[in-house]
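Open the structure in your viewer and keep the selection tool ready.

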Amino acid sequence: MSLDPAVAAVRLAVRRSLGQADGDVVVVACSGGADSLALLAAAVFECPRLGRRVVGAVVDHGLQDGSADHTDRVVAQMAALGADETLSARVRVEGAGRGVEAAAREARYAVLEQVAERVGSRTVLLGHTLDDQAETVLLGLARGSGGRSMAGMRAAFDIFRRPLLGVTRAQTERACAAEDIEFWRDPHNLDPRFTRARVRHTVLPLLERELGPGVAETLARTAEQLRPDMEALDDLADLAFLEARVDDGLDVSTLAEQPAAIRSRVVRLAALAAGSPASELFHVHVTALLALVAGDVRGQVQLPGHVTAFRDRTHLGFRPT
């Protein structure tokens with residue numbers, strides 16, 4: 001019997017990603033959905049061939065009734081699929097003005113880093129698909145978030161890897177069906193209170209009907225094309241930040257020598273270095289800092305994280321509020 005094409009696509013994506021990863025222990029983040037279960041099954045198939053162990057990890061955000069029972073089922077399912085070890089963790093999600101989705105994501109990544117440290121892994125696989133990438137790009141466009149957001153999710157960052165960014169959600173569902181894997185459909189993904197759910201079930205289908213099929217693939221390809229440009233600009237900004245940095249901020253004359261695309265990134269880096277959290281630092285804050293640097297406004301700029309930016313004759317400074 002020939003291998004199902006969807007199973008083959010998922011396995012190939014995982015094999016390629018693991019070929020660029022380090023270490024002999026691979027953590028797979030698993031929610032019980034089709035994406036993560038197809039990812040786990042592929043990792044279980046591929047890792048022994050590479051001399052690697054698979055640790056399945058599920059994070060219970062405690063946001064839904066029965067989440068603890070669901071977590072227990074996912075743990076049992078991961079073991080049944082052949083994971084060498086399974087782990088679960090419950091986290092407390094606190095929005096703090098960022099929204100439930102952002103807070104849950106931040107908490108999830110933090111606990112996955114702890115899991116990786118505990119099991120001695122330098123690789124955590126995440127199950128984001130091409131459809132997730134398309135949704136991310138569309139949200140970035142709608143919010144006017146700039147090139148960084150429209151470049152979408154990175155295929156790899158820190159210890160995390162996203163092997164399935166070239167695989168569709170439908171393919172992961174077909175892969176699960178072909179391997180007789182029963183998967184869970186998260187009710188939050190159907191809840192119109194969440195912006196991403198509306199994009200997934202209303203906006204993208206509408207675009208497909210009105211503009212023709214392939215919108216998701218086009219959006220994902222846009223992200224793939226933009227990503228190298230954004231990374232190159234970020235690398236240049238890192239160097240410019242080091243050149244302009246002084247004890248408590250930035251030298252204005254050195255910063256002024258940089259093109260606008262670099263200046264905006266440098267002032268953002270300076271704000272982050274001063275303690276302003278990335279999840280709350282928005283375009284409006286960066287624009288205010290640039291106006292302060294240019295002398296278009298006087299006084300101070302209040303930044304998230306209880307940080308105050310100020311301008312004197314020679315530099316842009318930052319201090320705790």
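**Stop one: a pocket**

Select Ala155, Arg162, Leu165, Gly166 and Glu224: these lie nearest the centre of the second largest pocket, which 25 residues line. A pocket here is an open set of points on a 1 Å grid, with protein on both sides within 12 Å along at least five of seven lines, and lining residues have an atom within 4 Å of a point. Now colour α1 (5-18), α5 (130-143) and α9 (215-244), the elements that give two or more residues to this lining. The largest share, six residues, comes from α9. The pocket's volume is about 570 Å³. This is a predicted model: local features need pLDDT of at least 70, side-chain atom pairs count only at pLDDT 80 or more, and totals for chains, interfaces and linings use all residues. Residues are numbered from 1 along each chain as its sequence is written, and side-chain values use heavy atoms, with hydrogens and water left out.

Leu239 is exposed (over 50% relative accessible area), at 52%.

**Stop three: a cavity**

Select Val7, Val10, Arg11, Ala38, Ala41, Ala42, Ala175 and Glu179, which line the largest cavity. In a cavity, a 1.4 Å probe fits but cannot get out. Its volume is about 30 Å³.

Notes:
Points joined across faces, edges and corners; volume = space filled by probe spheres on them. Helix = DSSP H or I, 4+ residues; strand = E, 2+ residues; numbered from the N terminus. Buried < 20%, exposed > 50% of the residue type's maximum accessible area, 1.4 Å probe, protein only.
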